[in-house]
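User: I am new to this entry and would like to go through it step by step. Please start with what is shown and then take my questions in turn.

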Amino acid sequence: MAKTNELMFATEAQIDEYTDQLPEIATEKYLIFSSDGLMYGIKAELVKDINTDYTITYLPKVPSYVRGVINLRGQIVPIVDIRLRLGKMPQDNFCCVVVNVDGNEVGILVDMVEQMVDVPLEAILPVPTSSGHAMVSGMCTLADGHTMLELDCELLLHD
Amino acid sequence: MGSGNDSILDMYLYETNTLLEQLDGILLAAEEADTFSEDNVNEIFRIMHTIKGSSAMMEFNSLMTVAHRIEDMFFLVREKGMDVVPEQTRPDLFDMLFQAVDFFRSEIEKVENDEPLSQSIDHIVNKINSLIDKIQGNPAAPAADIPAAAESAPAESAAAEETSLPLADAVNQDYPYGIHVFFDEGSGMENLRAFMLLNGIKDYCGDFISYPDNVETDPSTTDVIADQGFLIWFRSPEDREMSLPAVKNGGSVREYQPVDAARPAPEAHAETHDSQAPSAPVSAEAPKAVAAPVSAAKPAPAPAPGQQHAKESLISVNLAKLDQLLAVVSEIVITESMVTSSPDLRGLRLDNFTKSARDLRKLTDDLQDVSMSLRMVPVSGTFQKMNRIVRDMSKKLGKRAKLTLIGEDTEVDKTIVDAIGDPIMHIVRNSMDHGLEERESDRIAAGKDPVGEVILSARHTGSEVIIEIKDDGQGVDTQAVLNKAIRQGLAAPDHEYSQKEILNFLMMPGFSTNTEVTEYSGRGVGMDVVKKNVADVGGTVSISSDWGKGMTTTLKIPLTMAIMDGMEVSVGDSMFTIPINSIQSSLKVNAGDVIHDPHQGEMVKIRDNFYPIIRAKELFCMEQGCDNIEDGILMWVESGEHSYCLFVDELLGEQQIVVKPLPSYINSFNVKNFGITGCSILGDGSISIILDVTNVYTAAHNIY
């Protein structure tokens, strides 16, 4: 009680003191998934759904990495195969992560969804080379020693 | 206008537009009867009062001023009954009111488009004022009337005030019949224009005076004429009548109106003040002493007529919300059938479940019907607008005509109602302009009623609404149409055409039978645009004509865009939906029936015509599907001028489907150009791709 009182009547300088006492680390939840041996992360708030039971309807006249559309609770959602998008060999994938990019819902076919982690924002480092991995906007070393590549969903959809 | 006002502005626009539509309806009915019923007068009074109030709130002064003056006028009419309006001024009254409605509409449009409002309302206010004078039996513009106008619109009426006073004084007792002429705004050298006008009148009648009278020699009269108009006074109404053509044909004349001078003017003034002031608060509003009780009494009658009307049990809902509701409901319907026909239930005997499932199905069906009906609006709004067009055109073209409406309460999807307004208007104009005979004598000679008739009808047939625009005019001269089509290279000279084929030329781009371009039609952008607009909402247009008896244009339009009848076909694993209304028939052919051309194209002969074959599998680069023409089936489809056969594997059956637009990400690959317009979710949750027959043809054409 005494402390609250103190805080209530604290001066500006004192407030700085109090907040300093509780070091706050800005973190963001990330969903980690693997594709072709690499770990990718997507901001969890963008993820709408993780689905393994769906039927892809083939859609003609779209790039090959757009595998088609699925019926997600009555919504038509396009499916992008991240392997094909990155120029890798396709593989039978069942796990589909539906993300919201700029208000458009898009499903991404991945090998496997690994885990959810809290990543401190300052731990995300820029990609060293611009010609390195396409569609990656940042990198971060996780607690288990793996390196997470932050997926840039915008780039995934639009060249 | 701040963004915070936007919702108020929306409200204002919606309300005013509704009121104007209502007013238009009342006016048309009243003009027919040549009088206003008491209800009508109250209603118009109420409408004007509302427009005045809300316009004042939105600070649209010009709207407010005009509404205010009309309200004043109807206050008079309400007080004294319709008899107060002399028989001969009634047409003027109606014309003025229609003009006022048009003025309101154009101003509202400006507000909608964020354009500045027009400031020149003098002529319309003057017109109303002069009508009010006539109603009061006080033909000269009375002095008392002017301050009232000035009060409501100080800027605009300041000019009017100056006008009327000197004009009234200038009247020479011997020349009481005047014409008040306004020249085009900013035309310049008004005094010379006036002089030329006087010279023109001299050809018809030599005995007149003018105000200002020394136009030729005094350049300062320019401003007076520009501000207040130019007055010419005659001795007798006959003289005035004779001179009207000169005024009509005079250069730069914006408008003119006959005015009658007061005889004797001063007495009329006195009368206004003495006997009419209590009963005519309009003219008395300005004197402050009288104003107080009058304005106190004024708000009271306004709500009264409002109460007489049954409270509208209507609310306005954003169309997007309805779309959302419809989407959710169609999901429920699909999900329901997924649940009840779930493979997990197979082989189980579930009496209670089956019973509940049946109830659920009934309820979801009801729910779907109700939510569909929410989007349905009667076509009466669109039809009523045609009344006005027929009226205006029959006045302008000098053809008497009446419009008969049948089935106005037929309901159609809102988007469709919006889309067919322009096409219907265009066809009605065509009927008025070319359909009905130029001269009534021609009609009488043909044994018809001298008054032409245009019939606009709407009715339902299953999933379509049929709108017919029929006139009893001369019909289409098929030979003339054919000749013109040949001249324009649309038709081959040595070919025999059926009547239907000839009439179809009318809907080709750039075709117009009228040799002259009139205000209303004849520019050759006509029926082809109508056809396109109707096709955009999935409908078709057909014309039939009986030479000498009239023509009928028929629009067949699906009830709604969101739901359509489609034929499900399969190619490999994929399912496609072809809109039923573009399918002619389906047929199986033998390999021997297929005709090849040098470019590896395939064709098939159906009923004496050759049609190209488009293989869906090849067009869409699919891996699975039939290659042998004998294994699959040909769908003979037609849309617009394209007719061809689409080769698919199998015909799955007809189904009513809910159209879902493609995700915008998919649309960014321009699949629309390949005839893929949307998707629909079938009962088992699978997705079918909706094909657009026209674009499939174009895509195939570009490839081969």
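Predicted model: local features only at pLDDT ≥ 70, side-chain atom pairs only at ≥ 80, totals over all residues.

User: How many helices and strands are in chain A?
Analyst: Read along the sequence, chain A follows the pattern α-α-β-β-β-β-β-α-β-β-β-β-β-α. The count for chain A is four helices and ten strands.

User: How much area do chain B and chain A bury between them?
Analyst: The contact draws on 22 residues from chain B and 21 residues from chain A. Carbon and sulfur atoms account for 74% of the buried area. The total between the two chains is about 1,900 Å².

User: Which three residues supply more of the area that chain B buries against chain A than any other three?
Analyst: Together these three supply 35% of the area that chain B buries against chain A. They are Tyr665(B), Phe669(B) and Ile687(B).

User: Which elements give two or more residues to the side of chain B that touches chain A?
Analyst: By class, this side of chain B has 17 nonpolar, three polar and two charged residues. The elements of chain B that give two or more residues are strand E13 (574–579), helix H24 (664–667), strand E22 (676–681) and strand E23 (687–691).

User: How many salt bridges are there between chain B and chain A?
Analyst: Across this interface, four residue pairs are in polar contact. The count of salt bridges between chain B and chain A is zero.

Note on methods
Residues numbered from 1 in each chain as written. Chains lettered and ligands numbered in written order. Heavy atoms only, no water. Contact = heavy atoms within 4.5 Å. Buried area = accessible area lost by both parts, 1.4 Å probe. Salt bridge = Lys/Arg side-chain N within 4 Å of Asp/Glu carboxyl O. Polar contact = N/O pair within 3.5 Å; in protein donor to acceptor, adjacent residues only side chain to side chain. Nonpolar A, V, L, I, M, F, W, Y, C, P; charged D, E, K, R; others polar.
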